[in-house]
Amino acid sequence: MGGDFAPYEAKMRADGLGDAAVAAFKNSYEALCSGATGMIPEAELTPAASVPSLDAMADPGAVDPALLAKTVVLKLNGGLGTSMGLDYAKSLLLVKGKDTFLDLTAKQIMGMREKLKSQVKFVLMNSFATSEDTMAFFKAKYPALYADPNLEFVQNKACAKLVVKGDVRLSSKNVFVGSVTVKNESGEPKTLPPGKYENTTVDLSAAPGLGPMAVTHLKTKPIAGQKPGTSGVRKKTAVFMEGLYLHNFVQATLDAVKACGSDLTSQTLLVGGDGRYYNDVAIQTIVKIAVANGVKRVWVAKDGLASTPAVSALIREGGPMWKKVFGAFILTASHNPGGPTEDFGIKYNCENGGPAPEKLTDLIYANTCAISTVKIAEGVPAIDVSKLGETVVEARDGSCRACVEVVDGVSAHLDLLKTIFDMGAIQNLLNRPDFSICFDAMHGVTGPYAKALFCDQLGVPASALINAVPKDDFGGHHADPNLTYAVDLTKKMGVDKTGAPVPGGDVPSFGAASDGDGDRNMILGARFFVTPSDSLAILAAHADVIPFVANQGGLKAVARSMPTSGAVDRVAEALNLALFETPTGWKFFGNLMDSKALFGGVDYTPFLCGEESFGTGSDHVREKDGLWAVLAWLSVLASYNGDASAPLVTVETIVKKHWATYGRNYYCRYDYEGVDKAEATKMMAKMTADAAANTGKVCGAYTIATADVFAYEDSVDGSVSKNQGVRFLMADGSRIIFRLSGTAGSGATVRLYIEKYVPPSGSLHDVVSNVVGDLVAIALDLSDLAKFTGRESPTVIT
């Protein structure tokens with residue numbers, strides 16, 4: 001059988017097919033003409049030997065998200081159903097109910113993305129015959145998938161020669177036939193409009209450009225000191241305001257997030273903060289950098305105000321899938337003071353609502369050390385963050401657009417809290433004539449939340465709120481809810497800076513304070529201070545009064561940071577709860593909360609956790625939550641005071657009842673703020689070096705059973721965290737702990753923790769300083785603190 005290929009080749013060339021397509025068809029044509037059947041005789045087949053068994057192969061372990069970022073699902077979709085009498089893509093045939101093959105494919109991709117929490121790329125291998133009706137189908141039924149400019153590439157129908165001169169942007173909606181030249185002699189990028197271009201030259205020099213979407217590349221260089229910790233980066237405000245300090249960190253973060261598999265182009269970036277000085281400027285900068293890096297939708301909290309737990313709630317609860325938040329920049333230095341001469345900070349939270357894990361923060365830091373360019377869309381207009389609504393920024397040539405939406409940073413969080421607690425029971429408590437509250441927002445972000453919750457929802461008089469108007473310098477105060485700084489609340493509640501009662505007139509039944517970004521809390525009763533460690537233990541013991549916990553079968557696990565007292569340990573033992581001791585940092589709690597959902601491990605939820613630094617929360621979000629703790633305490637009080645005719649059961653009564661049941665962990669913390677970091681580091685190094693020698697040492701009435709440096713192996717993801725604090729564990733269960741805190745904006749803070757346990761049969765109502773005074777003296781001697789820091793007394797005692 002012979003044949004002349006020339007007519008076929010001429011036809012293919014006339015239709016603009018390239019050399020590769022012609023050669024491939026010629027190879028098949030000649031094989032057919034030669035009489036080849038395409039079959040391989042079985043006799044010529046040799047079985048493969050030594051194929052490894054799947055069962056014998058090593059388990060690859062958890063899926064690496066970085067690999068998903070490089071994965072493409074490619075679907076062949078080039079065939080017409082001509083043999084079935086069709087003149088359109090056979091993948092558009094109905095195969096199940098009202099679903100076509102393409103429906104099933106689209107749903108598979110969306111399901112895969114949801115399950116893997118990654119925007120796995122999807123590409124259709126269309127032919128020129130199936131492209132038009134396939135793309136029309138996706139545009140009508142699956143606009144989120146259609147929005148990807150790389151959704152398809154077209155087989156065979158190709159241009160013989162394509163020449164591009166200048167900065168020209170092409171898309172999959174451009175079809176070239178024959179010889180095509182596209183040029184741009186202007187100084188800005190130009191986009192070739194969708195369409196078919198055949199044997200032509202297109203000059204885009206005078207065409208409309210990107211306008212406000214144009215990207216400027218700012219030359220920069222690494223800036224020292226941008227290593228993010230658990231709480232991001234915190235520095236003096238002036239540092240962030242200088243040069244490209246903020247720009248570098250934001251660009252490095254977005255690059256790291258993309259590298260880890262997040263899809264910036266089809267999901268949403270959230271930006272909010274605690275309202276401190278420079279937040280307003282930083283928000284506009286972040287929006288411009290985000291748009292330049294391909295983010296198509298940005299949510300900005302109204303007035304720039306979003307508490308840290310509210311940001312977590314917005315990430316987890318906000319919007320439909322096509323608006324799903326992939327992450328958030330939170331502009332806060334937490335409890336640190338604010339203002340032009342004080343502190344500023346920025347942190348990144350991931351799509352689970354929690355702080356960036358160490359893998360991501362390490363990559364961010366690596367990027368800050370190698371950065372050379374910042375991409376920014378300078379033409380994006382300033383966003384009016386005082387008004388809810390959308391601002392659409394569109395390229396002049398219509399090729400791309402971005403939407404910046406100002407959203408309510410308050411309602412999503414409060415709506416979530418209302419589903420967690422029995423608001424009716426809390427309302428009944430607040431309606432009692434013998435019960436009153438006082439909430440101190442410390443001029444931080446929580447003021448609007450407290451007003452909406454307590455005043456607008458629960459009918460509490462506005463006079464019950466103090467310092468409830470957010471200020472960019474927190475009213476000149478240190479917005480840290482403790483006995484030293486929350487002086488307006490402690491005075492109103494009748495306690496001094498040691499927590500001791502102060503005689504006087506009537507005081508509220510219940511008091512609470514929150515910090516600058518709304519994630520910390522302090523709880524007080526009438527002339528009575530509740531330590532954060534006791535607060536966590538008491539909430540764990542009463543967790544079933546919270547519907548969120550009770551309706552899910554009851555509390556399963558509790559966790560505390562290592563420096564937090566062991567009060568909650570005794571509750572866990574009595575109630576048979578899983579217990580975890582972690583390093584300081586909420587991300588460790590978040591891993592435990594997500595053990596099953598993200599890691600396929602044990603389900604520890606419902607879950608309660610807390611830190612001695614006035615942080616308490618549950619698995620409703622992935623941050624500590626000040627308002628949650630307040631409502632949890634009101635729920636406990638409501639459970640004891642259901643009979644309005646009975647005398648009020650107070651905070652003090654509940655705490656003392658807990659001690660009588662579980663014993664008391666006498667506990668205090670000394671903070672030495674603003675010390676020289678180099679000297680403090682030397683002090684920690686000395687104690688580390690002396691650990692072996694100190695083990696077994698007798699110090700007065702105490703024997704050091706173990707002296708060590710705390711390290712933690714995460715049971716969920718296997719990560720190891722070292723150098724998390726120096727511990728002196730006494731034979732009687734008492735503890736002395738030293739940590740060097742990384743949350744200060746300048747200098748360093750040495751934290752000294754002292755704990756002594758007394759069983760229910762012991763003396764439970766002594767003054768803390770009297771009980772632990774001898775341990776404090778031992779700690780100062782072991783550390784040589786005065787010698788290294790020059791401090792004779794702490795800045796804060798809690």
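**Aromatic pairs in a predicted protein model**

Good morning. By the rule used here, the protein chain contains 17 aromatic pairs. The rule takes the rings of Phe, Tyr and Trp (for Trp, its six-membered ring) and pairs them if their centres lie within 6.5 Å; planes under 30 degrees apart count as stacked, over 60 as edge-to-face, and the rest as tilted.

Please keep in mind that this is a predicted model: local features need pLDDT of at least 70, side-chain atom pairs count only at pLDDT 80 or more, and totals for chains, interfaces and linings use all residues. Residues are numbered from 1 along each chain as its sequence is written, and side-chain values use heavy atoms, with hydrogens and water left out.

Let me begin with one pair. Phe122 and Phe138 are tilted, with 6.2 Å from centre to centre and 50° between the planes. Phe122 belongs to strand 4 (residues 121-127) and Phe138 to helix 5 (residues 131-141), so this pair ties together parts that are 16 residues apart in sequence. Helices (H or I, at least four residues) and strands (E, at least two) are DSSP runs, numbered from the N terminus. Are these two residues buried or exposed? Phe122 and Phe138 are both buried; buried means under 20% relative accessible area, exposed over 50%, and partly exposed in between, with a 1.4 Å probe and protein chains only.

A second pair is formed by Phe329 and Tyr348, which are edge-to-face at 5.5 Å centre to centre, with 65° between the planes. This pair links distant parts of the chain, since Phe329 is in strand 15 (residues 325-331) and Tyr348 in strand 16 (residues 343-349), 19 residues apart. Phe329 and Tyr348 are both buried.

Ring pairs also build a cluster, whose members are Phe122, Phe137, Phe138 and Tyr142.

Next, charges over rings. A charge sits over a ring if NZ of Lys or CZ of Arg is within 6 Å of the ring centre and within 35 degrees of the ring normal. The charged end of Arg570 is placed over the ring of Tyr757, 3.3 Å from its centre. Lys787 lies over the face of Phe788, 5.7 Å from the ring centre.

Finally, the chain as a whole. The protein chain has 26 helices and 37 strands, and its C-alpha atoms fill a box of roughly 110 × 65 × 60 Å along the principal axes. Of its 798 residues, 51% count as buried. Among contacts (heavy atoms within 4.5 Å) with a separation of 6 or more, 68% come from residues 24 or more positions apart.

Thank you.
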